[in-house]
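The sequence and the model are shown here.

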Amino acid sequence: MKPLALCLGLFLLWFNISTSAQDNRSAKTFNDDSSAVKATVQDYIEAYYSGDVPRMEQALHPLYLKHLIHGDIPMRERTAAQMVGDVRARGSADHAEHMEQISVLDVSGNIAFAKLVTESWIDYTTLSKSNHGRKILSVVQQIYN
């Protein structure tokens with residue numbers, strides 16, 4: 001009976017160590033993924049403010065689609081090409097006047113969700129992960145009055 005109890009005790013000890021190591025790896029992966037998500041959303045908003053077309057292109061997935069919601073105005077959409085064109089036409093704005101807060105809401109495999117809050121709107125973003133890193137796939141934007 002003692003050898004069975006010893007084997008069971010060793011197995012439980014090994015299982016506990018293995019589970020702890022896996023939890024540590026999972027937490028590290030989540031933190032790394034969260035940092036990548038936050039960096040992509042930061043690139044997106046800073047490219048918008050600064051008029052940096054290549055940086056905007058880098059942040060957007062080719063199938064990007066944005067839905068803009070603004071009070072009684074009918075919902076509008078923007079594609080990646082339209083967003084890049086908007087940034088190109090708009091040029092640079094004084095970034096010092098702008099405030100933004102980025103929160104990573106969830107990361108699950110190759111999909112992540114983040115919230116971007118500025119003084120004029122909130123963007124709820126969906127990001128996908130590929131060999132080229134995190135890209136913003138979609139945005140639903142609520143514009144304040």
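## Confidence

This is a predicted model. The protein chain has a mean pLDDT of 84, and 74% of its residues reach 70 or more. In residues 21-25 the pLDDT is below 50, and apart from near neighbours in sequence this stretch makes 0 contacts in the model. Where pLDDT is low, the predicted coordinates should not be read in detail.

## Sheet layout

An open sheet is built from 6 strands with mixed pairing, in the order β2-β1-β6-β5-β4-β3. Its edge strands are β2 and β3 (100-108), each of which pairs on one side only. With direction ignored, neighbouring strands of the sheet are turned by 15 degrees against each other on average.

The helix α3 packs on this sheet and touches β1 and β2. The direction of α3 makes about 90 degrees with that of β2.

## Strand pairings

β1 and β2 are antiparallel and share 5 bridges. Within this pair, Lys66 has Arg78 in β2 as its bridge partner, and His70 is bridged to Ile73 in β2. The hairpin of β1 and β2 has 2 residues between the strands, and Gly71 in this hairpin takes a positive phi near 55 degrees.

β1 also pairs with β6: these two strands run parallel and are joined by 6 bridges. Here the bridge partner of Ile69 is Gln142 in β6. β6 in turn pairs with β5 in the antiparallel sense, over 10 bridges. Ser128 stands opposite Lys135 in β6. In a regular strand the side chains alternate between the two faces of the sheet.

## Largest pocket

The largest pocket has a volume of about 210 Å³. It is lined by 13 residues, of which Tyr48, Lys66, Leu68, Met83 and Gln141 are the closest to its centre. One of these, Lys66, is also the residue whose bridge partner in β2 is Arg78.

Which elements each supply at least two residues of the lining? They are α1 (2-50), β1 (60-70), β2 (73-79), α3 (80-90), β5 (121-130) and β6 (133-143). The largest share, 3 residues, comes from α1. By residue class, the lining divides into 7 nonpolar, 1 polar and 5 charged residues.

Technical notes
Residues are numbered from 1 along each chain as its sequence is written. This is a predicted model: local features need pLDDT of at least 70, side-chain atom pairs count only at pLDDT 80 or more; totals for chains, interfaces and linings use all residues. Side-chain values use heavy atoms; hydrogens and water are left out. On a 1 Å grid over the protein atoms alone, a cavity is a set of points where a 1.4 Å probe fits but cannot get out, and a pocket is an open set with protein on both sides within 12 Å along at least five of seven lines; lining residues have an atom within 4 Å of a point. Grid points are joined across faces, edges and corners, and a volume is the space filled by probe spheres set on the points. Helices (H or I, at least four residues) and strands (E, at least two) are DSSP runs, numbered from the N terminus. Ala, Val, Leu, Ile, Met, Phe, Trp, Tyr, Cys and Pro count as nonpolar, Asp, Glu, Lys and Arg as charged, and the others, Gly among them, as polar. pLDDT is the predictor's confidence in each residue, from 0 to 100. Contact means heavy atoms within 4.5 Å. Two strands pair if DSSP finds at least two bridges between them. Axes are lines fitted to C-alpha atoms, for helices over the stretch in contact, and angles run from 0 to 180 degrees between N-to-C directions.
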